[in-house]
Amino acid sequence: VASNFILKKLNQMNKQYTISGMTCEKCKQSVAEQLIAIAEVDSVIVNLKEGTADLQSKKKISIEKLQAGLGKSYQISDPLEGSGNFPQVSKWKQLKPLFLIFGYLIAATLYLQPSEGDIAMFMRHFMGLFFIIFSFFKFLDYKGFPDSFARYDPLAKKSRAYAFAYPFIETLLGIAFLMEWRLLQSLIATIVILSFTTYGVINALIRKSNIECACLGTALKLPMTEATLIENSIMIVMAISMLAGYFI
């Protein structure tokens, strides 16, 4: 009997996975319930603070099967092997849609510029087009956006209402910049909102979280990389530069 018990234990597999998307105790419970429902899983211990799940199973389970069990609300990845959601391809291929959008953004902004050139106007038009275009992609999968955004944005983690309102906020800011309406308030709002988002992005990059970037919503599955940090930083620098112009 003892030998059978030891053999059974040896045949069991213990493995820790990284879970993204958990923001509360309810999320923790949901993740545990969905993972334990997978036939091969014997036991699950979920750590909300660390964002991990320790699984004991009868045999090795593919990351794809674990992800299917969790659904779209949470992302599971193997710290040693990476997530099954992002193929092992170059960053250029992964971020090609983002670079293309930025290329069109710059071209459209230059087209709107007067012949003499005005740096402040260039930044205002760029920021306006940026917010309009990026909010458009968020609306493509409006229901899925809040969950993806809450995985790294600190305000979205605290308030689901804020996550749902974010695409509308971006649209309003885009219109304000393009129409030159309430610029002072819009610049302050841009700096505050993007500073919180950038803080979340930096934390995600430090933790090396293998999660999607919600900057272009969830229709285009972009990984969280340094490109998101650069993109936000450019917008913050532009907003600060324009804001400084009001006091110089």
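Q: Why is the crossing of α8 and α9 called left-handed?
A: In this predicted model, the crossing of α8 and α9 is left-handed. The term applies because the near helix is turned anticlockwise from the far one by less than a right angle.

Q: Which residues make the contact of α8 and α9?
A: Among them are Tyr 162, Tyr 166 and Ile 169 of α8, and Leu 183, Ser 186 and Leu 187 of α9. By class, the contact has eleven nonpolar, three polar and no charged residues.

Q: What makes a space in this model a cavity?
A: A cavity is a set of points where a 1.4 Å probe fits but cannot get out. Two cavities of 30 Å³ or more are counted by this rule, and the largest cavity has a volume of about 100 Å³. Of the 15 residues that line the largest cavity, the closest to its centre are Tyr 166, Thr 197, Cys 215, Glu 231 and Asn 232.

Q: Which helices each supply at least two residues of the lining of the largest cavity?
A: They are α5 (119-140), α8, α9 and α10 (226-245). The lining of the largest cavity divides into nine nonpolar, three polar and three charged residues.

Key
Residues are numbered from 1 along each chain as its sequence is written. This is a predicted model: local features need pLDDT of at least 70, side-chain atom pairs count only at pLDDT 80 or more; totals for chains, interfaces and linings use all residues. Side-chain values use heavy atoms; hydrogens and water are left out. Helices (H or I, at least four residues) and strands (E, at least two) are DSSP runs, numbered from the N terminus. Contact means heavy atoms within 4.5 Å. Ala, Val, Leu, Ile, Met, Phe, Trp, Tyr, Cys and Pro count as nonpolar, Asp, Glu, Lys and Arg as charged, and the others, Gly among them, as polar. On a 1 Å grid over the protein atoms alone, a cavity is a set of points where a 1.4 Å probe fits but cannot get out, and a pocket is an open set with protein on both sides within 12 Å along at least five of seven lines; lining residues have an atom within 4 Å of a point. Grid points are joined across faces, edges and corners, and a volume is the space filled by probe spheres set on the points.
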